[in-house]
2 protein chains.
Amino acid sequence: METFVIFGDFFDCDPERQLRIRKQKYCLVEDGKIRTIADVNPAPEKKLYDCSGKIIIPGLIDLHMHAPQYGFRGLGMDMELLQWLDTYTFPEEAKYSDKEYAQKQYAIFADHLKKSWTSRAVIFGTIYTDTTLLLMELLEKSGLITYVGKVNMDRNSKDYYMEDTEESLRETERYIEEAKKFTRTFPIITPRFIPSCSDELMKGLGEIQDRTMLPIQSHLSENRSEIEWVKELMPESSSYGDAYDRYGLFGKQDRTIMAHCVSSTKSELDLIQYSGVYVAHCPSSNMNLSSGIAPVKKMLKKGIKVGLGTDVAAGESLSMAHEMIRAVQASKIRWRYVDSRETPISMTDAFYMATRTGGEFFGKVGCFEEGYEFDAVVVDDSTASTYIDLNDEKRLERMFYLAHECVLTDKFVLGNKVL
Amino acid sequence: METFVIFGDFFDCDPERQLRIRKQKYCLVEDGKIRTIADVNPAPEKKLYDCSGKIIIPGLIDLHMHAPQYGFRGLGMDMELLQWLDTYTFPEEAKYSDKEYAQKQYAIFADHLKKSWTSRAVIFGTIYTDTTLLLMELLEKSGLITYVGKVNMDRNSKDYYMEDTEESLRETERYIEEAKKFTRTFPIITPRFIPSCSDELMKGLGEIQDRTMLPIQSHLSENRSEIEWVKELMPESSSYGDAYDRYGLFGKQDRTIMAHCVSSTKSELDLIQYSGVYVAHCPSSNMNLSSGIAPVKKMLKKGIKVGLGTDVAAGESLSMAHEMIRAVQASKIRWRYVDSRETPISMTDAFYMATRTGGEFFGKVGCFEEGYEFDAVVVDDSTASTYIDLNDEKRLERMFYLAHECVLTDKFVLGNKVL
């Protein structure tokens, strides 16, 4: 692994969720980690990346997306969740039993993700082990660091896209075993959501998790009809979250991501907080499928770990900058119409969610501090031409709003230059 | 003016707000107008634009934007309207007293607008006549068709950005007079909003309008504090809309655009409908400044003419495709949280608003029908790669959602090729 120095203006968040701007600094990266950030070049003999005039931010971290849905992003936005799954999602995901189809679609996904501002992501595949491993291979080659889940579903889907329980568990074991060959692409236990997973399957996944200590990802309290359905399916559970928790699939000692949490009750939020579950807030998706707006400010105040997810393809774009803007906008609307005590989140809040919170899931990553893994994207914002005098904070805000007018010039993941 | 034939797949809306798709047609354009749309080339001797494989839609029409704010798009999104005006807008607009500054900023604006999917727009300038005329000159050269308003403000602004009443009226007359030299760039009476305009100024503008029969643009019921303020300023008015109406600046025989109408009361909506006022719905802006979400579905049901506006720079982008998506998303959230009787608008509704409704303001434009002026943008959507089979309707929806991944290949305004 190359040791190098990168020079320029570093923008990140401090642990107190405040914006931190350090200009004209030299950052020494060794073994993929930040060794020091200094005013004077600490290793003039090493390779120097001079990023003067640009903006250096931590690589953005996407906590929730569905790779096999990428092909139909921007389609079918006239439905709510359950109808959308039956009409668009399941028929499309079923095509990924075919290796050739998976290869060409996943290649586009991996290529676009590589060229995005995202350095790490937590991703749903499909129920198919082989093509999920294929996706992992493509992501491994991309240089990004990801978790990729083989999805489990043994009930309430279409015949053509469902497993039996035994098979689902057996294939999960196989996928975990085969994924050991990857060095930056990791398995994650992925029950699709409660309606798709029988009690027996959940029990089996709980046991696999117990044995492997792998992290977990799923969906929680996204849509009202879905929540009602879960109540019917799991009458003994005190909440939707509890339906995962009773099988040991809801945080505590191990890392769990629950996407959405739009309509979580107070007791569910308490459980999320107590269990240390990461919430993947997906505002674009929640607007597109008419799900609503998650109470992010309330969650942050409670100390819940809220990250961001694009939720491609219910979210139409894999741009995390786009998702940060949507998060700020959505919180304003929630404040206006849903709860006047929940003041809007700031751009810095969104930046923190997209870097430090997502980063915590991956370990020590998401900011520029000694000992942290070095993920960074370097952005040339001069292409978003203006003659306005900008202070540094405004310049950063503007860069996120006008991300598609800016140019990504370099991208580092764990100290490797991937672009 | 060139006579030509354009061949390809035409997507527009019919008068009943239904999507209309006509594939592999020949459209004959003569004197800027559509002469016929046929299965067989009606004029093989004329120039042929072959747009096979692409999507041809009417040029999009932006009913509300502020040219002098373009330089600070994506900035200052942490405030509500009145504070935002004082902090960002008025200081920036004041810089446009300087010709050199105006020249370089407006040149970027006109260039970006020209390269966008927008063929016509209704635009605010500043209080300065000379640089507003300069903006008009740049837009005239762009080939787009626009209305550009010299803004009137004689109270409640900062000293450095305010006119006295006499001066404001006199300069308005001068601007109208000088604008006669343009052929595709037109003046429009532009009282900023009630808080900025004294009764005397409004009276004078009403008289100018009466004499010139020019159209009118302003802002209405955008933000709660603003609405309260108007009530204090105009206690004798029955509504904010009535405060314009009493000076003859609210539709009826002449065309008026009122931007926002987020919080219009029932009686104000009645007045809007009765007066034939165009509402410029600006969902991005209304999210960014925490204003809320206008009741678009209710307006459409009432027969109100609702078009779309990007409201740059409270809206962060001058992309009308972006604004269409935002309109659909916002309506879903309004349905979810504000009024369950207002079902979400469809993409076709948004397409209609961005083409036919906006077009009606400009005359006979906004669709592909005989006798209509020919504004069109031709989009190559093959760059938004997918292997999904798309029917035509889905292909169009996807094109709008993924607009920034598609390529604008040709643009026509009134039968002139401007790109």
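Which residues of E11(B) are buried on one side, and which on the other? In this predicted model, where local features need pLDDT of at least 70, side-chain atom pairs count only at pLDDT 80 or more and totals for chains, interfaces and linings use all residues, side-chain values use heavy atoms, with hydrogens and water left out. Residues are numbered from 1 along each chain as its sequence is written, while chains are lettered from A and ligands numbered from 1 in the order in which they are written.

Back to the strand: Ile216(B), Ser218(B) and Leu220(B) are buried on one side, and Gln217(B) and His219(B) on the other. Buried here means under 20% relative accessible area, exposed over 50% and partly exposed in between, with a 1.4 Å probe and protein chains only. Strands (E, at least two residues) and helices (H or I, at least four) are DSSP runs, numbered from the N terminus. Five of the five residues of E11 (216–220) in chain B are buried, so the strand is largely enclosed by the rest of the structure. E11(B) runs parallel to strand E12 (256–260) of chain B, with five bridges between them; strands count as paired if DSSP finds at least two bridges. Across from Ser218(B) sits Met258(B) in E12(B).

Chain B also holds an open sheet of seven strands with mixed pairing, in the order E3-E2-E1-E4-E15-E16-E17. Its edges are E3 (33–38) and E17 (416–417), each pairing on one side only. Within this sheet, E1 (4–13) and E4 (47–58) of chain B are parallel and joined by six bridges, and Ile6(B) faces Tyr49(B) in E4(B).
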